[in-house]
2 protein chains.
Amino acid sequence: MNMVDIIRKKRDSGTLSREEIEYWISGTVNETIPEYQTSALLMATCIRGMTDEEAAILTDVMAHSGSMFTPQELGGFSVDKHSTGGVGDTTTLVLIPLLAAAGLTVGKLSGRALGHTGGTIDKLESIPGFRTDLSRTEFLGLVRETRLALADHTDDMVPADRILYELRDVTSTVDSLPLIVASIMSKKIAGGAQGIVIDVKTGAGAFLPKLEDSRKLAQSLVAIGSKLGRKISALITDMSQPLGLMIGNALEVLEAIDTLRGHGPADLSALCCELGAELLVFAGAATSHDNAVLKLERLLENGKALDSFRQLISQQGGNATVIDDPSLLPRAARKVEARAKTSGTIARLNALEMGRAANLLGAGRYTKEDTIDPAVGIELKVKVGDHVEANDILAWLHVNAEANLEQACGMIESAYVIDPSGAQHAPPPLIVERIAGAQ
Amino acid sequence: MNMVDIIRKKRDSGTLSREEIEYWISGTVNETIPEYQTSALLMATCIRGMTDEEAAILTDVMAHSGSMFTPQELGGFSVDKHSTGGVGDTTTLVLIPLLAAAGLTVGKLSGRALGHTGGTIDKLESIPGFRTDLSRTEFLGLVRETRLALADHTDDMVPADRILYELRDVTSTVDSLPLIVASIMSKKIAGGAQGIVIDVKTGAGAFLPKLEDSRKLAQSLVAIGSKLGRKISALITDMSQPLGLMIGNALEVLEAIDTLRGHGPADLSALCCELGAELLVFAGAATSHDNAVLKLERLLENGKALDSFRQLISQQGGNATVIDDPSLLPRAARKVEARAKTSGTIARLNALEMGRAANLLGAGRYTKEDTIDPAVGIELKVKVGDHVEANDILAWLHVNAEANLEQACGMIESAYVIDPSGAQHAPPPLIVERIAGAQ
């Protein structure tokens with residue numbers, strides 16, 4: 001077996017075997033295969049595609065390229081949730097303690113913000129003392145003891161994904177469905193999850209804004225997860241406007257606390273319960289989807305979910321008092337308002353522009369090396385369907401610096417499309433489609 | 001401008017601009033663009049293709065990537081001939097002195113043998129003393145003084161082709177029509193030729209055995225040459241069986257001398273006159289193709305072409321006495337015969353197998369580092385259409401070593417397909433098609 005033949009096979013639209021994919025990935029990880037051969041194969045894959053079977057094998061081989069967590073190590077059936085990335089997407093912060101409160105095992109590995117979308121690790125690190133750099137032993141210890149832990153991805157897990165991703169980024173081979181799916185799913189598989197729900201965002205602020213692309217991605221993720229024996233489903237959910245009302249790291253922690261207390265924004269609460277219900281059914285912790293949703297809603301109302309969040313914070317070194325005293329969270333120096341220029345109904349609210357505006361304030365990263373300001377962000381006062389009068393406040397900007405402030409404020413004002421005609425505008429449907437796996 | 005955008009454009013079937021191609025090629029040559037980006041673009045090009053206009057620009061940009069010969073330096077309208085590579089293809093050895101004898105300017109850069117096909121440089125180096133490593137000054141001096149010189153490609157010419165070729169070889173991006181055409185034509189353009197004839201071989205022993213592939217290559221070469229302002233045409237010629245009767249370096253020099261004396265094999269003599277006539281017409285040295293062929297035939301008969309070869313040999317340090325005393329050429333230790341197993345008519349003679357057999361004897365190279373034995377080779381006694389009795393000699397093997405001898409002999413015997421039925425078998429047509437340029 002050699003790379004030249006493997007590259008030629010894919011170039012000519014052939015289907016790679018498990019042996020060929022193993023040869024490629026192991027040679028990539030141990031650096032016996034040069035980058036120029038891997039990039040040629042990535043381009044051939046990007047153009048020629050892969051069958052679901054091939055993508056499933058690639059996912060599995062990538063998952064096995066480094067250290068993994070087995071279901072046994074995690075103490076049995078563990079669940080995971082993945083989002084393709086959104087603006088103001090506070091779901092993971094709510095969902096993790098909520099699922100643990102429902103009796104599920106949640107040993108979650110998560111990522112940082114990049115581009116206009118936020119990252120769970122950054123959000124949690126805005127809680128004073130909270131540690132996400134858990135050792136393997138610490139992580140497993142917490143999962144087995146409390147059924148709950150959340151940590152940053154470590155370098156020894158799925159090294160193939162890191163290597164391929166860096167190369168894809170500089171060779172225009174990012175936009176390949178099988179490569180995207182293998183990148184996402186290999187990390188889920190390596191994390192040991194048995195039940196997986198994917199939140200595939202669609203609309204302006206999503207990684208794939210077009211519904212047909214979001215649907216293809218959801219179908220492919222579910223197909224590959226099913227092929228690898230996981231219980232899996234995907235919800236395609238709205239990201240044309242931001243989710244909830246907060247965008248920014250500490251601001252989203254605040255919003256998560258409100259939601260876990262039962263007082264969160266309706267869309268965020270509903271999405272957490274819908275996503276969570278998928279996993280409760282997979283885990284056999286509910287008899288039906290509706291039953292699962294009811295169960296989760298109750299846990300938000302009765303304080304059990306919030307208790308679970310308190311547990312998560314304190315067991316990972318954080319100051320759990322933030323739950324009762326939000327002033328302990330990082331706070332921006334001042335708030336600046338963005339105001340409506342005209343009266344009317346909010347017809348659209350562009351999530352991408354809002355994410356970019358939050359980044360301008362310092363809430364996100366343009367490159368992996370950038371540092372973020374946990375305190376800054378945007379607090380929405382109105383969303384699609386709401387009525388405003390001219391000069392009403394649309395949103396508060398939480399700011400620490402004057403740089404970019406005017407630009408960010410302008411972006412926010414123009415992200416709101418106000419229709420003065422008096423016509424009604426309903427908020428976009430939260431859950432657009434559900435893609436079920438082969439369970 | 002950046003490589004990621006350029007790669008993406010070609011990945012998405014876009015057409016690269018001159019500026020983009022210049023950015024790529026200059027960055028490749030000065031090593032500011034990493035190999036993994038170039039290999040991704042090569043793969044995208046291999047799959048997506050290029051327009052003729054793009055391929056012409058790539059050719060031109062590659063030609064300008066190193067030092068070049070201008071028509072002025074070469075003393076005016078100079079001609080060149082390129083073959084896509086064959087077995088026993090002695091045409092260049094005959095054609096170069098023949099064209100010079102016809103009054104044309106021939107400053108030719110040539111290559112070495114690789115794989116199952118021979119190389120002109122290796123053949124000429126079997127003449128004692130003959131030097132092909134001419135300096136730029138020596139080469140130009142000879143061309144201007146005698147209108148005739150033949151040298152090895154130097155490293156400072158078309159460096160882009162060398163770099164790209166090495167990368168294509170290890171990334172399965174060799175089989176790309178625009179990349180093949182740019183590789184061939186950039187060297188012709190850099191060599192300063194104004195009139196070019198391409199001998200595109202077709203059949204078992206050719207680089208592209210299938211006629212439709214040979215035709216596409218010929219059309220593309222002619223289209224790109226025309227776009228770059230060259231007078232150019234291509235002949236698609238038979239390489240299903242070897243050309244002439246000799247395969248091997250010194251053996252082909254002997255055959256070239258015979259042909260230049262007017263006693264060569266009919267197919268080789270005819271092909272040289274047909275290819276040469278194209279160039280005579282381009283150079284305005286003949287009023288018509290038929291007139292040009294007659295003129296060249298006369299130069300073979302009256303000894304002028306042979307005089308020109310004598311001149312070439314002596315001016316480049318070789319012992320021109322070999323023309324009158326062939327025993328001065330390297331000679332193999334012994335001759336071994338391959339014999340017919342049955343009586344009948346030769347229906348086919350596989351050129352590829354004959355080339356491989358000659359390589360087994362030591363006449364060729366498997367890798368660039370291999371050394372060749374100039375003395376060894378194969379001398380055919382019969383070709384397609386000839387009748388043989390069982391046990392008749394098919395060919396002589398000129399050998400210096402016992403290694404591989406039995407295998408080579410077996411390959412030769414099975415390369416001859418003898419039809420015992422008594423049916424007639426005509427030799428394949430020598431010139432299959434002519435592709436004219438836009439003159």
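Visitor: Where is the place of Ser13(B) in its chain?
Guide: This is a predicted model, in which local features need pLDDT of at least 70, side-chain atom pairs count only at pLDDT 80 or more, and totals for chains, interfaces and linings use all residues; side-chain values use heavy atoms, with hydrogens and water left out. Residues are numbered from 1 along each chain as its sequence is written, while chains are lettered from A and ligands numbered from 1 in the order in which they are written. Helices (H or I, at least four residues) and strands (E, at least two) are DSSP runs, numbered from the N terminus. On that basis, Ser13(B) is placed in the loop between α1 (3–11) and α2 (18–29) of chain B.

Visitor: What is the phi of Ser13(B)?
Guide: Most residues other than glycine have a negative phi. Ser13(B), a residue other than glycine, has a positive value, near 65 degrees.

Visitor: Is Ser13(B) buried, partly exposed or exposed?
Guide: The classes rest on relative accessible area, computed with a 1.4 Å probe and protein chains only: buried means under 20%, exposed over 50%, and partly exposed in between. Because its relative accessibility is 47%, Ser13(B) counts as partly exposed.

Visitor: Which loop of chain A holds Asn391(A)?
Guide: Asn391(A) has a positive phi of about 75 degrees, although it is not a glycine. Its position is the loop between β10 (387–388) and β11 (393–399) of chain A.

Visitor: What volume does the largest cavity have?
Guide: A cavity is a set of points, on a 1 Å grid over the protein atoms alone, where a 1.4 Å probe fits but cannot get out. Grid points are joined across faces, edges and corners, and a volume is the space filled by probe spheres set on the points. The search of the whole structure finds 5 cavities of 30 Å³ or more. The largest cavity has a volume of about 140 Å³.

Visitor: Which elements give two or more residues to the lining of the largest cavity?
Guide: Lining residues have an atom within 4 Å of a point. The largest cavity, of about 140 Å³, has 18 of them, and the closest to its centre are Thr117(B), Gly118(B), Ile247(B), Glu252(B) and Ala363(B). The elements in question, both in chain B, are α11 (249–260) and α15 (351–361).

Visitor: How many nonpolar, polar and charged residues are in the lining of the largest cavity?
Guide: Domain bounds come from an automatic or database domain assignment, and this lining draws at least three residues from each of domain 2 (71–324 + 432–436) and domain 3 (332–419) of chain B. For the classes, Ala, Val, Leu, Ile, Met, Phe, Trp, Tyr, Cys and Pro count as nonpolar, Asp, Glu, Lys and Arg as charged, and the others, Gly among them, as polar. The lining of the largest cavity has 5 nonpolar, 11 polar and 2 charged residues.

Visitor: Which element gives the largest share of the lining of the second largest cavity?
Guide: The second largest cavity holds about 110 Å³ of space. It is lined by 15 residues, of which Gly118(A), Ile247(A), Gly248(A), Glu252(A) and Ala363(A) are the closest to its centre. Two or more residues come from each of α11 (249–260) and α15 (351–361) of chain A. The largest share, 3 residues, comes from α15(A).

Visitor: What is the angle between the planes of Phe69(A) and Phe139(A)?
Guide: Rings of Phe, Tyr and Trp (its six-membered ring) pair if their centres lie within 6.5 Å; planes under 30 degrees apart count as stacked, over 60 as edge-to-face and the rest as tilted. The structure holds 2 aromatic pairs over all chains. One of them joins Phe69(A) and Phe139(A), which are 5.0 Å apart centre to centre in a tilted pair, with the planes at 35 degrees.

Visitor: How many residues apart in sequence are the parts that this pair in chain A ties together?
Guide: The pair of Phe69(A) and Phe139(A) is tilted. Phe69(A) lies in the loop between α4 (52–63) and β1 (79–83) of chain A, whereas Phe139(A) belongs to helix α7 (residues 136–146), so the parts tied together are apart in sequence by 70 residues.

Visitor: At what distance from the ring centre of Trp396(A) does Lys335(A) lie?
Guide: A charge sits over a ring if NZ of Lys or CZ of Arg is within 6 Å of the ring centre and within 35 degrees of the ring normal. Lys335(A) lies over the face of Trp396(A), and its distance from the ring centre is 4.8 Å.

Visitor: How far apart in space are Val61(B) and Tyr23(B)?
Guide: Val61(B) is found in helix α4 of chain B and counts as buried because its relative accessibility is 11%. Val61(B) and Tyr23(B) are 38 residues apart in sequence, and their C-alpha to C-alpha separation in space is 9.8 Å.

Notes
On a 1 Å grid over the protein atoms alone, a cavity is a set of points where a 1.4 Å probe fits but cannot get out, and a pocket is an open set with protein on both sides within 12 Å along at least five of seven lines; lining residues have an atom within 4 Å of a point.
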